[in-house]
Amino acid sequence: MTPLGHRRLILTRHAKSAWDDPNLADHDRPLNDRGRRSALALGDWMASRGYEPEEVLCSSAARTQETWATIASAPLEVRPLLRIEAGLYQAGPEKMLSILKTAMHPTVMMLGHNPGISELAALLPARLPLDPDFRRYPTGATLVVDFQVDSWSQVEPGQGSVMDFVRLDGRN
């Protein structure tokens with residue numbers, strides 16, 4: 001739980017998806033085995049650090065929904081409100097921010113796609129993480145950023161404080 005006047009965003013790019021069926025539409029691509037391992041590791045990482053969303057804003061694409069379902073299989077104590085948002089599929093940072101501003105709970109996870117998610121991640125914090133992979137925002141990358149605001153509608157670019165950044169590629 002986050003204190004009053006505080007909002008936390010867990011911003012995640014979907015895990016690695018499969019490309020083995022050329023007849024499958026991009027929106028319908030599932031995760032591959034590496035992506036499933038990465039999403040499971042991400043769920044464990046989130047649980048170990050207490051990063052538990054109360055609300056999840058998830059793109060309608062199969063790979064983002066599968067990423068969330070796999071993360072949610074970790075030992076998280078909170079069962080969040082899940083909102084499937086078609087507008088997050090292939091969204092730019094402005095659209096993603098407008099969807100975030102509709103969030104209702106203090107701790108929100110947003111699952112989306114590049115390039116929009118990496119652009120949003122670079123837009124929100126006052127100072128960016130020093131991690132060399134941050135700008136690339138590879139699959140499974142997750143930024144945890146805090147805001148000192150009373151409502152998501154008050155969030156503006158450059159206001160956030162980076163709490164954590166991780167990229168788990170599932171190759172272990």
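Tutor: A helix here is a DSSP run of H or I with at least four residues, and helices are numbered from the N terminus. The model is predicted.

Student: How far apart are the end C-alpha atoms of α1, and what span should its 17 residues have?
Tutor: At 1.5 Å a residue, the 17 residues of α1 should span 24 Å. The end C-alpha atoms agree with this, being 25 Å apart.

Student: Which residue caps the N-terminal end of α1?
Tutor: The backbone nitrogen of R34 lies 3.1 Å from a side-chain oxygen. The cut-off for a polar contact is 3.5 Å. That oxygen belongs to the capping residue, N32.

Student: Why do the buried residues of α1 line one face, and within what arc do they fall?
Tutor: Buried means under 20% relative accessible area. In α1 this holds for G35, S38, A39, L42, G43, W45 and M46. Seen down the axis of α1, these buried residues line one face because they fall within an arc of 165°.

Student: Which residues on the other side of α1 are exposed?
Tutor: The buried residues of α1 pack against β1, α2, β4, β5 and β6. Exposed residues have over 50% relative accessible area. On the other side of α1, those residues are D33 and S48.

Student: What is the order of the six strands in the open sheet, and which are the edge strands?
Tutor: The pairing in this open sheet is mixed, and the order is β3-β2-β4-β1-β5-β6. An edge strand pairs on one side only, which here holds for β3 and β6.

Student: In which sense do β1 and β5 pair, parallel or antiparallel?
Tutor: Strands of a sheet pair through backbone hydrogen bonds, in one of two senses. L11 stands opposite L143 in β5. Over six bridges, the sense of pairing between β1 and β5 is antiparallel.

Student: What angle does the direction of α1 make with that of β6?
Tutor: Helix α1 packs on the sheet and touches β1, β4, β5 and β6. The direction of α1 makes an angle with that of β6 of about 140°.

Student: What angle does the direction of α2 make with that of β4?
Tutor: Helix α2 also packs on the sheet, touching β2, β3 and β4. With the direction of β4, that of α2 makes about 135°.

Student: Against which elements do the buried residues of α3 pack?
Tutor: In α3, residues P93, M96, L97, I99 and L100 are buried. They fall within an arc of 160° seen down the axis, so they line one face of α3. The buried residues of α3 pack against β1, β2, β3, β4 and α4.

How values were computed: Residues are numbered from 1 along each chain as its sequence is written. This is a predicted model: local features need pLDDT of at least 70, side-chain atom pairs count only at pLDDT 80 or more; totals for chains, interfaces and linings use all residues. Side-chain values use heavy atoms; hydrogens and water are left out. Helices (H or I, at least four residues) and strands (E, at least two) are DSSP runs, numbered from the N terminus. The expected span of a helix is 1.5 Å times one less than its number of residues. Buried means under 20% relative accessible area, exposed over 50%, partly exposed in between (1.4 Å probe, protein chains only). The arc is that of the directions from the helix axis to the C-beta atoms. Contact means heavy atoms within 4.5 Å. A polar contact is a pair of N or O atoms within 3.5 Å; within protein, one must be able to donate a hydrogen and the other to accept it, and residues adjacent in sequence count only if both atoms are side-chain atoms. Two strands pair if DSSP finds at least two bridges between them. Axes are lines fitted to C-alpha atoms, for helices over the stretch in contact, and angles run from 0 to 180 degrees between N-to-C directions.
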